[in-house]
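Hi,

Here is the structure I promised to pass on. Have a look at it first, and my notes follow below.

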Amino acid sequence: MHKYGKILIIDDEKITLKNLEHVMKKEGYEVVGTDRGPHALKLLEEQYFDVVLTDLKMEKVDGRQILKRCRELHPDTEVIMITGYATLGSAVDSMKQGAFYYISKPFKLDAVRKVVEEAIAKVQLKTENKELREQIEKYEGKVKIITQDAHMQKLLETAQQIAPTDCNILITGESGTGKELVSRYIHVNSNRTDGPFFAINCGAFTEELLSNELFGHEKGAFTGALTMKKGLIEMASKGTLLLDEITEMPSSMQVKLLRVIQERELLRVGGTEPVTVDVRFIAATNRDIHDAIKNGTFRQDLYFRLNVVSLHIPPLSDRTDDIPLLSYFFLKRYVTIMNKNITEISEDAINLLINYDFPGNVRELENIIERGVALANGNTIEIAHLPEDLRELSIKTFRKKEGKIPSLENQEMAYIKWVLNEAGGNKTNAAHILGIDRVSLWRKLKKFGLEED
């Protein structure tokens with residue numbers, strides 16, 4: 001039986017080497033052996049091994065050097081140390097340097113088999129996780145944005161055209177529409193693609209913390225600043241920085257940011273020497289930035305610096321053609337993650353999703369599909385696997401009665417009943433919610449036979 005795994009065995013005692021080679025080959029592993037450390041280093045440079053089984057004490061090149069080189073060349077490879085000089089110090093040192101395990105001579109072959117098997121299992125798990133991440137990344141919208149909507153396709157064409165120009169960009173759109181996704185798309189299609197991409201939510205920090213996160217600090221700038229820390233603007237040099245919720249940025253930060261954009265340099269907190277930076281800024285907001293300018297909470301000069309090109313991402317409710325496409329995209333992702341065999345979303349469930357408003361946009365759709373995958377037992381996500389409020393929506397609004405589509409009058413009656421129920425039977429509150437006066441509500445209740453004695 002052939003086992004998964006390729007092993008390199010290094011031991012300057014030829015009898016030990018021969019025994020280990022024999023045992024590991026018998027176990028079904030692909031085995032390469034050498035009794036010379038320098039030759040082992042050459043083999044590591046030429047080939048990939050899942051596990052390296054090496055003697056600790058050898059002439060010219062010892063086990064520690066093998067371990068170090070292996071960590072540099074193949075970080076996922078597991079190294080097992082064999083030593084005839086088993087002191088706690090050498091064992092602990094090897095483990096600290098990243099060895100998987102150590103075995104002391106004389107050893108039992110069964111013990112070696114078990115340790116190698118565990119090391120191979122760990123490598124296999126790491127490989128599977130890596131492949132899974134790569135597979136998800138292939139679907140993942142970090143670089144690829146799933147759409148067949150004409151407006152979104154036009155937006156992506158524009159994004160691709162402006163990506164290499166290096167100009168600053170303002171992205172607007174409701175929460176959950178994918179502003180960070182579009183920012184990453186621009187970064188990947190720009191000349192800065194090999195540089196870093198960072199994102200920060202300007203509304204998630206106090207003014208002091210935001211300043212520290214963006215601009216960094218010098219050693220001793222304040223109590224607890226024991227070392228110098230680079231801020232995100234400096235770290236994003238040669239790359240892209242997304243400033244999300246830009247309208248939440250305090251006025252003092254806006255002044256500093258404006259200076260960075262104009263001068264291409266910054267001062268760390270507590271610093272006196274300017275630091276040169278080369279950053280592309282993308283700003284994003286789910287608010288009306290023009291209102292923020294009018295009421296004085298956002299600087300107009302900063303707006304002009306950031307809004308060289310503006311992109312508006314439409315809400316998901318405006319691109320219903322994308323809902324089935326995105327639903328199956330998220331289905332593929334989560335069946336892979338959860339290791340489930342779900343291939344379909346029922347037509348009723350898709351129709352319900354298409355007719356839903358999605359106040360949380362694409363992010364909400366993703367959560368709904370993730371939940372559906374978690375709850376579904378068969379190979380199909382049904383209406384029963386969708387959130388309760390969505391199922392109620394299907395009962396109240398979209399379900400046919402005896403094969404007939406409800407009339408407007410039927411819908412009005414059902415809606416008035418639902419609002420009354422939500423208002424706890426209070427007609428005054430119900431009338432206020434419905435936007436009519438109490439007399440009009442009374443007339444409607446009488447018309448539909450819903451008034452109480």
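Starting with the overall picture: the protein chain exposes about 25,000 Å², and 50% of that comes from carbon and sulfur atoms. Do keep in mind that this is a predicted model. The chain has 453 residues, of which 43% are buried, and it holds 19 helices and 16 strands. If you take the contacts with a separation of 6 or more, 68% of them are between residues 24 or more positions apart.

Five strands make an open sheet, ordered β2-β1-β3-β4-β5, with parallel pairing. At the edges sit β2 (30-34) and β5 (101-104), each pairing on one side only. On average, neighbouring strands of this sheet are turned by 15° against each other, direction ignored. Inside the sheet, β1 (residues 6-10) and β3 (residues 51-55) run parallel and are joined by four bridges; Ile9, for one, has Leu53 in β3 as its bridge partner. Helix α1 (residues 14-26) lies across β1, β2, β3 and β4 (78-83), and runs at about 175° to β2.

Six of its six residues are buried, so β13 is largely enclosed by the rest of the structure. Both of its faces are covered: Arg280, Ile282 and Ala284 are buried on one side, and Phe281, Ala283 and Thr285 are buried on the other.

Which strands pair with β13? One of them is β6 (residues 169-172), in the parallel sense and over four bridges. Another is β10 (residues 240-244), which also runs parallel to β13 and is joined to it by four bridges. Ile282 turns up in both pairings: Ile169 stands opposite Ile282, and Leu242 has Ile282 as its bridge partner.

Ser190 lies in the loop between α7 (179-188) and β7 (197-201). Is Ser190 buried or exposed? Its relative accessible area is 6%, and since buried means under 20%, Ser190 counts as buried. A polar atom of the Ser190 side chain lies 2.7 Å from the backbone oxygen of His187. Leaving out residues up to four places away in sequence, Ser190 touches Ala163, Pro164 and Arg280. Arg280 is also one of the buried residues of β13.

Cheers

Technical notes: Residues are numbered from 1 along each chain as its sequence is written. This is a predicted model: local features need pLDDT of at least 70, side-chain atom pairs count only at pLDDT 80 or more; totals for chains, interfaces and linings use all residues. Side-chain values use heavy atoms; hydrogens and water are left out. Helices (H or I, at least four residues) and strands (E, at least two) are DSSP runs, numbered from the N terminus. Buried means under 20% relative accessible area, exposed over 50%, partly exposed in between (1.4 Å probe, protein chains only). A polar contact is a pair of N or O atoms within 3.5 Å; within protein, one must be able to donate a hydrogen and the other to accept it, and residues adjacent in sequence count only if both atoms are side-chain atoms. Contact means heavy atoms within 4.5 Å. Two strands pair if DSSP finds at least two bridges between them. Axes are lines fitted to C-alpha atoms, for helices over the stretch in contact, and angles run from 0 to 180 degrees between N-to-C directions. Accessible areas come from the Shrake-Rupley method with a 1.4 Å probe; for residues, only the protein chains shown count as cover.
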